[in-house]
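Welcome! Take a look at the view below, and then we can walk through it together.

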Amino acid sequence: MRSKIVAGNWKMNLTFDEADEVLDKLMTNLEEHAALSCKMIVCTPYPYLELASDYSGDSYFEVGAQDVSAYDKGAYTGEVSAAMLGSMEIAYCIVGHSERRAYHNESDELIARKVDRLLENDIRPIVCCGEVLEEREADKQFEVVKRQVTDGLFHLTPEQFGKLIIAYEPVWAIGTGKTATPEQAQEMHAYIRSLIAEKYGKVVAEETSILYGGSCKPSNAKELFANPDVDGGLIGGASLNADDFMAIAESLK
Ligand code: PGA
């Protein structure tokens, strides 16, 4: 059975004190509520990884980073390596987010190398894919996502592929308040699973968690998560509020 997952993507938000407050509230929520039926991951900015790890303690939630260098180590000022994250026992890392693709010109080829570095260091990549509005309007969403998944991930062995978490995030739905309909999400998730099945077989495809991301909030999470191929969410804005993030996690059964 594949895992149900709710992952928070804090992006470049919160000061240290604000981060401390959100994590503290999240821990209180987790302690006070019944055990979740999903795995919770919080992907913080690099400077807060250790703080989040200290809070996560006895596995109430797990901690992830938001990006990683494609290089091993050396003269790459400002970069953070997978080995560094691994040495801090960071278990997850987002790669290929549409904001990285758009503002940092990240290609599928670069994303493939980042995925490789993470896997070499036993970190599970949360790999994002998704089309922009013009592509959806031109009915090119399947073509775009197929290229991202194929060029970014299909060089992996089945064993390596089994470590991935995929996140489908239609770019037109990210931070815009516009959510994909449950039907649109299900249609794309089923398509991604069919691509995986074609390449790696049904067992690998059935075991891969595919998350939805893009303006997911407490009011729409339940109907998105009710779809058979939607295994949870990658949550941006709503993960900055511990009550909203908790409510989203609780709607994933
Ligand atoms: P959003 O972001 O929930 O704020 O739309 C999702 C994401 O970019 O991961």
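How many residues surround the ligand, and which are the closest? The ligand is surrounded by 13 residues, and Lys11, His97, Glu169, Gly175 and Ser215 are the closest of them. Please keep in mind that this is a predicted model.

**The ligand and its surroundings**

- If you are looking for the ligand, you will find it in the second largest pocket.
- Sorted by class, the residues of the shell around the ligand are 4 nonpolar, 7 polar and 2 charged.

**Contacts with the ligand**

- The side chain of Lys11 has an N or O atom 2.7 Å from an oxygen atom of the ligand.
- The backbone takes part too: a polar backbone atom of Gly236 is 2.9 Å from a ligand oxygen, and a polar backbone atom of Gly237 is 2.8 Å from a ligand oxygen.
- On its own, the ligand would expose 290 Å², and the protein buries 95% of that.

**Salt bridges**

- Across the whole structure, a search finds 17 salt bridges.
- One of these joins Arg2 and Asp231, whose closest N and O atoms are 2.7 Å apart.
- Arg2 lies in the segment before strand E1 (5-9), while Asp231 belongs to the loop between helix H11 (218-225) and strand E8 (232-235), so this pair ties together parts that are 229 residues apart in sequence.

Definitions and conventions. Residues numbered from 1 in each chain as written. Predicted model: local features only at pLDDT ≥ 70, side-chain atom pairs only at ≥ 80, totals over all residues. Heavy atoms only, no water. Near = heavy atom within 4 Å. Polar contact = N/O pair within 3.5 Å; in protein donor to acceptor, adjacent residues only side chain to side chain. Areas by Shrake-Rupley, 256 points an atom, 1.4 Å probe, with all protein chains shown as cover. 1 Å grid on protein atoms, 1.4 Å probe; cavity = no way out; pocket = protein on both sides within 12 Å on 5 of 7 lines; lining within 4 Å. Sits in = over half its atoms within 2 Å of the grid points. Nonpolar A, V, L, I, M, F, W, Y, C, P; charged D, E, K, R; others polar. Salt bridge = Lys/Arg side-chain N within 4 Å of Asp/Glu carboxyl O. Helix = DSSP H or I, 4+ residues; strand = E, 2+ residues; numbered from the N terminus.
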